[in-house]
Amino acid sequence: MPDTTPAEIQWFIYALADNGALDASDGFKLFHKLPEGSGLAEYAQNVLDRMAGDASEEEAAELLEQIQTLADYAVEQAQTGELPPFDDIEEDYDEEYEEEYSSSPQNSGSGNFEKTVQDQAALHFEPFDIDYSQINSYADLPSFSDTSNLSDEELAGRMIYLLSCLRHLGCSDLHISGGSMPFVRRSLQIERIDSYVLTAEDSFRLNTSLLSAASKEQFVNDQDMGYALEVGINRFRVCLMQEKDGTAGSYRLVPDHICSLAELGYMEKDIPTIARLLDYTNGLVLVTGPIGAGKTTTLASLVDIVNSKRQDHVITVEDPIEILQLSKGCQVTQREVGQHTASYSRALKAALREDPDVIVIGEMHDLETIENAITAAETGHLVIGTMHTGDAPNTLNRLLDVFPPAQQPQIRAMTAGSMRGIICQKLIPDGFGGLTLVYEIMLNTMAVSNIISEGKAFQLKSTMSVGIKQGMCTMDQCILEKYTQGLITYEAGRPHMVDSVAISQMEQLHATREAKKLAAAKK
């Protein structure tokens, strides 16, 4: 029996096996797949998630009570200093366990890097020692033309090296697809990194080189897969899929630290307004924007603010977990859809039984999730979520339109009472060779609440425009302010504006600045 397993875990597994709920050998295997340092609470939650399956809410509640009883028993028995009597299954267990665990990826080295399973949601690799002073452009990266000549182990090493170098070069995404040249996204622009066109076989081998044999088989069967990848302290979000030219993979380079709102591009005057939204003990706060708008990093920043200024229980539901949150003032519990729970809606239901103060939902996109979020916000929890909408009016319309017409008046009334604020954002070129964040902030004032209740979302823009004193701003006002502060050029910001008043102000300011430049040049 492995002596690294805590006594309370052993007693918990023994209790499960004694009740016929789980084979003891499977129980130990399950524990050793959890992240290092996991305790009884994390293990019991994992067992509960697996056993609940498609159980009804009543059945799940009964199962939770049974699991808690066994966990309490395990703690009591562990305090005696004795270990459970596994004699009747030990021989069979040891043989199976040693064979599987000793050959698992987390206990075997691979060339110049070590591959381990950090947790069920993330594959972990040790980073290469790279001299980044020699990596100044894509030309300094290894060519893909020799892909077919490399072993699977060498390809895995190539992928880790490539992702590390692309992070150094400032890229946000890597794309590897059959029938296409490898390309990246940098400052929102697509850039080719090699002229070699990958074959279907090349793309499959590259995209699956980081997977275990079991995960590779799962991808072949499901034809889609998403997971988090860790290289040292750096994290990447990986999405694989099958398409007409073979296998395609996208690799999102997650920031290597939790950025502050100022680092993300929020202006100093707006940061206190956003921080105040996180002081509420209940209500709904939404971060919205198109794909690639930086919602995940903003959400992580908001969670970090809550984690630093409050002493509460925070439960996050993400797909996958991209940015790790270490508990500070708060106890932060992070769950991943597909690994720790079946869906957002199901995790949200379960979260309400886990005594949370703050619930963070990585994506609100279906009726059940949205309905549960609004209900949770109304019944005493601060709910922070994201949606793929471009502005505050569209966010409210999307929030309400998912419901049947007969239910919309009730949901509208609930939203009017529970909504705290909406932050809509997007990334645009700043005109100086980089990107800048532009955004709008809607706060639920009395006027906004009336607009929501009456279903007149088209009036929101004008209300937000005159709500500057309360801390609100529109996207156009944000762009104008960034131009005023010299954070964005006129040429970069003007195409993204639609409000005639803000456009007129920007044009006047631009004309004044150009006139001053001309006058200075003539002197």
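In which handedness of crossing does helix 2 pass helix 3? Helix 2 passes helix 3 in a right-handed crossing, a term used when the near helix is turned clockwise from the far one by less than a right angle, whereas anticlockwise counts as left-handed. The model is predicted, so local features need pLDDT of at least 70 and side-chain atom pairs count only at pLDDT 80 or more, while totals for chains, interfaces and linings use all residues. Residues are numbered from 1 along each chain as its sequence is written, and side-chain values use heavy atoms, with hydrogens and water left out.

**View 1. The crossing of helix 2 and helix 3.** The axes of helix 2 (residues 24-31) and helix 3 (residues 40-52) come within 10 Å and cross at roughly 120°; axes are lines fitted to C-alpha atoms, for helices over the stretch in contact, and angles run from 0 to 180 degrees between N-to-C directions. Helices are DSSP runs of H or I with at least four residues, strands are runs of E with at least two, and both are numbered from the N terminus. Helix 2 and helix 3 are therefore oblique to each other, the word for angles that are not under 35 degrees (roughly parallel), over 145 (roughly antiparallel) or 65 to 115 (roughly perpendicular).

**View 2. Residues where helix 2 meets helix 3.** Gly27, Phe28, Leu30 and Phe31 in helix 2 meet Tyr43, Asn46, Val47 and Arg50 in helix 3, where contact means heavy atoms within 4.5 Å.

**View 3. The largest nonpolar core.** This core has 78 residues, and those with the most contacts inside it are Ile384, Leu399, Met419 and Met442; a nonpolar core is a set of buried Ala, Val, Leu, Ile, Met, Phe, Trp, Tyr and Cys residues joined through side-chain atoms within 4.5 Å. Its largest share, six residues, comes from strand 16 (residues 435-443). Leu399 touches, among others beyond four places away in sequence, Leu284, Met364 and Met419.

**View 4. Isoleucine 193 in its loop.** Isoleucine 193 lies in the loop between strand 6 (189-192) and helix 7 (200-208). At 9% relative accessibility, isoleucine 193 counts as buried, which means under 20% relative accessible area, with exposed being over 50% and partly exposed in between (1.4 Å probe, protein chains only). Isoleucine 193 and serine 137 are 56 residues apart in sequence and 8.9 Å apart in space, C-alpha to C-alpha.

**View 5. Serine 177 in strand 4.** Serine 177 lies in strand 4 (residues 173-177) and is buried, with a relative accessible area of 16%.
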